[in-house]
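User: I would like to learn how to read a sheet and the helices around it. Could you take me through this slowly?

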Amino acid sequence: MPVKNRFAELQGEITEWRRDIHENPEILFDTHRTSALVAEKLQEFGADEVVTGIGRTGVVGVIKGKSDSKGKVIGLRADMDALPILEATGLDYASKTPGAMHACGHDGHTAMLLGAAKYLSETRNFDGTVVVIFQPAEEGGAGGKEMCDDDMMARWGIDEVYGMHNWPGQPTGSFAIRSGAFFAATDQFDITLEGRGGHAAKPHETVDTTVMAAQAVLALQTIASRNADPIDRVVVSVTSFETSSKAFNVIPQKVQLKGTVRTMTKEMRELAETRIKEICDGIAATFGGTADVTYIRGYPVMVNSEEQTEFAAEVARKVSGDCVEAPLVMGGEDFAFMLEERPGAYILVGNGDTAMVHHPEYNFNDEAIPAGCSWYAELVEQRMPSA
Ligand SMILES: [Zn+2]
Ligand SMILES: [Zn+2]
């Protein structure tokens, strides 16, 4: 079964929505125009319920099937936010807002889920209920968590959730997925090391924080090389090293280090957090200074449930003929919060030979629309077949 004919018919219309959203990017929770557009379309399609303001600017739409003999509810999620990037595509529908850009293809995700919602509202050829979830602030703002915190899962009785992301470098409209841990937990650390500043020609009268911090940067690398089991994965990257001195002849009082930790299991996340604190305290004590470590937990590991992943892959194979195993991604994904609350799966749809996401020349590939929409629609019709 290839893509649904109806989506071949709707592709032009869905592409117009996508390009309109692309031209009007909105960052984090400021998705006011996009959210209004989504709500208006859902009303126009005849959704049974449209609720705005879930997770601040998130939108939820409810579409009931022809029958509801089992009371099953499937959630389908798309993200709506753009990135603070100056667009360099030169497209005629490029961003009209300098410094904001749909560089992750969330314009495409929103348009594809709207397309699926239109089809599902027209046909209602399923036994149960579909909840379409449009979230703000995927890019670092945890909008998905805010929607969950607004009790979304319980309020609409959602049993399972599914999400999709486009993937540059993967053949257009093809699918890739993996069961279990898929996207990494993304944490940050902020370390302040303090010694005793002084004259650079009299180091013996100071506690040189720069030397202390340099040792800390090197020692932090041993979390991955010496503490972690080699078959597990962890990234510890120090990305900022700033001394409190701008002068060539002053030993600084303080050094601030910043960076990120990426892990694939809860245990590894705990280990990294604990070791960062121990290493910094130990190094500071060795050199006679102090360490203040703030560890900020970001998105958790995104874990696809086994049963739902198998089902999602089966549907993807029906739509595009194949579904390969996706690689692990050390980036983060806010959908992780929804998958912590309900079983479900997240799939990648190929965006073809385009620039990578978050690049100023990236653009969502409209040719992926029929496959993406068909996957959502087939998933619903096959997971909740009409009697
Ligand atoms: Zn992104
Ligand atoms: Zn994204």
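Analyst: Let us begin with terms: helices (H or I, at least four residues) and strands (E, at least two) are DSSP runs, numbered from the N terminus, and two strands pair if DSSP finds at least two bridges between them. This is a predicted model, in which local features need pLDDT of at least 70, side-chain atom pairs count only at pLDDT 80 or more, and totals for chains, interfaces and linings use all residues. Residues are numbered from 1 along each chain as its sequence is written.

User: Which residue in S12 does Asp190 stand opposite?

Analyst: Asp190 stands opposite Lys258; strand S8 (residues 185–194) and strand S12 (residues 254–263) are antiparallel partners over ten bridges.

User: What is the order of the four strands in the open sheet?

Analyst: The order is S10-S12-S8-S13, with antiparallel pairing, and the edges are strand S10 (234–243) and strand S13 (290–299), each of which pairs on one side only.

User: Which strands does helix H8 touch?

Analyst: Contact means heavy atoms within 4.5 Å, and axes are lines fitted to C-alpha atoms, for helices over the stretch in contact, with angles running from 0 to 180 degrees between N-to-C directions. Helix H8 (residues 266–287) packs on the sheet and touches S8, S10, S12 and S13, its direction making about 165° with that of S13, while helix H6 (residues 209–220) lies across S8, S10 and S12 at about 170° to S10.

User: Is His106 buried or exposed?

Analyst: Buried means under 20% relative accessible area, exposed over 50%, and partly exposed in between (1.4 Å probe, protein chains only). His106 has a relative accessible area of 0%, so His106 is buried.

Note on methods:
Chains lettered and ligands numbered in written order. Heavy atoms only, no water.
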